Amino acid sequence: MKSDNDFEPIDLSKLPLHVAIIMDGNGRWAKKKLKNRIEGHKKGADTVRDIVTAAGEIGIGILTLYAFSIENWQRPKTEVNALMKLLENFFISEKDNIVKNNVKLQVIGQVWRLPKNVQTLVKELTAHTKENTGLILNLALSYGGREDILSAFKKIIKKIDRNKLKADEINEGTISSHLYTAGLSDPDLLIRTGGEMRVSNFLLWQIAYSELYISKILWPDFNKEEFLEIIGEFQLRERRFGRIAE
Ligand code: IPE
Ligand code: IPE
Ligand code: MG
């Protein structure tokens with residue numbers, strides 16, 4: 001018999017609305033097991049499945065996953081190709097699950113740099129799940145935080161050029177609404193697995209007041225239990241936003 005609350009350490013009435021994850025540690029996981037790095041990425045894709053399912057079950061609103069950075073294009077071609085293939089497989093194998101679970105898929109980043117077949121799958125699945133009302137699964141693909149801000153700048157400047165916007169009218173909201181994440185609230189919680197203490201060009205503008213959690217666990221070993229543990233820890237924090245304690 002299960003207890004009436006499967007998600008014991010957490011308070012379901014005080015969930016972070018938006019959780020972002022830097023999914024790091026696939027390579028080190030593989031190395032530890034004397035396997036090829038690609039094996040680590042494959043195992044990592046299984047973790048993605050589990051965490052997306054868990055996030056949907058608990059009732060998280062938005063899950064943003066850093067799957068591939070702009071800087072990651074500099075990895076060896078064999079690794080980049082394998083990652084693109086895994087991405088393709090992920091969209092094909094998960095399509096039914098995503099649809100069935102009412103997940104709305106969105107993508108942030110330079111989608112145009114992805115292989116054509118991956119772009120097609122992304123387009124189809126985002127269009128197909130557009131009206132879904134469950135978890136928003138926001139995948140960062142060929143994403144960089146600085147590029148996000150740069151491309152927002154360009155969009156804003158173009159509007160100024162066309163007299164659709166006045167320079168004086170620009171405020172923080174203008175910038176937020178021209179980022180890839182337009183329409184999404186900022187992450188309440190940013191998790192990085194694999195233990196590195198850096199943000200690696202992820203969501204720079206958007207994480208101004210996110211709570212940070214670095215887990216030493218390598219992404220392929222990460223699981224629902226650890227995820228719930230971190231959410232429980234998040235719920236114990238006091239977010240002051242520059243003010244003083246209540
Ligand atoms: C994260 O794992 C996956 C991607 C960046 C695509 P890594 O491949 O960076 O794994 P480590 O950091 O080398 O262990
Ligand atoms: C960050 O991990 C990017 C993703 C998880 C997609 P990296 O492994 O690329 O970051 P660095 O190189 O350690 O900063
Ligand atoms: Mg890494």
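Start by selecting Asp24: at 18% relative accessibility it counts as buried (under 20% relative accessible area; exposed is over 50%, partly exposed in between, with a 1.4 Å probe and protein chains only). This is a predicted model, where local features need pLDDT of at least 70 and side-chain atom pairs pLDDT 80 or more, while totals for chains, interfaces and linings use all residues. Residues are numbered from 1 along each chain as written, and side-chain values use heavy atoms, leaving out hydrogens and water.

Arg28 is partly exposed at 33%.

Next, pick Glu79 and Arg37, a salt bridge at 2.9 Å between the closest N and O atoms. Glu79 sits in helix α3 (77–100) and Arg37 in helix α2 (37–58), so the pair ties together parts 42 residues apart in sequence (helices are DSSP runs of H or I, at least four residues; strands are runs of E, at least two). Glu79 is buried at 5%, whereas Arg37 is partly exposed at 36%.

Then jump to Arg240 and Glu238, another salt bridge, at 2.8 Å between the closest N and O atoms. Arg240 is partly exposed at 43%, and so is Glu238, at 40%.

Last stop: select Arg162, in the loop between α5 (145–161) and α6 (172–176). Arg162 is exposed, at 55% relative accessibility.

Key. Chains are lettered from A and ligands numbered from 1 in the order in which they are written. A salt bridge is a side-chain nitrogen of Lys or Arg within 4 Å of a carboxyl oxygen of Asp or Glu.
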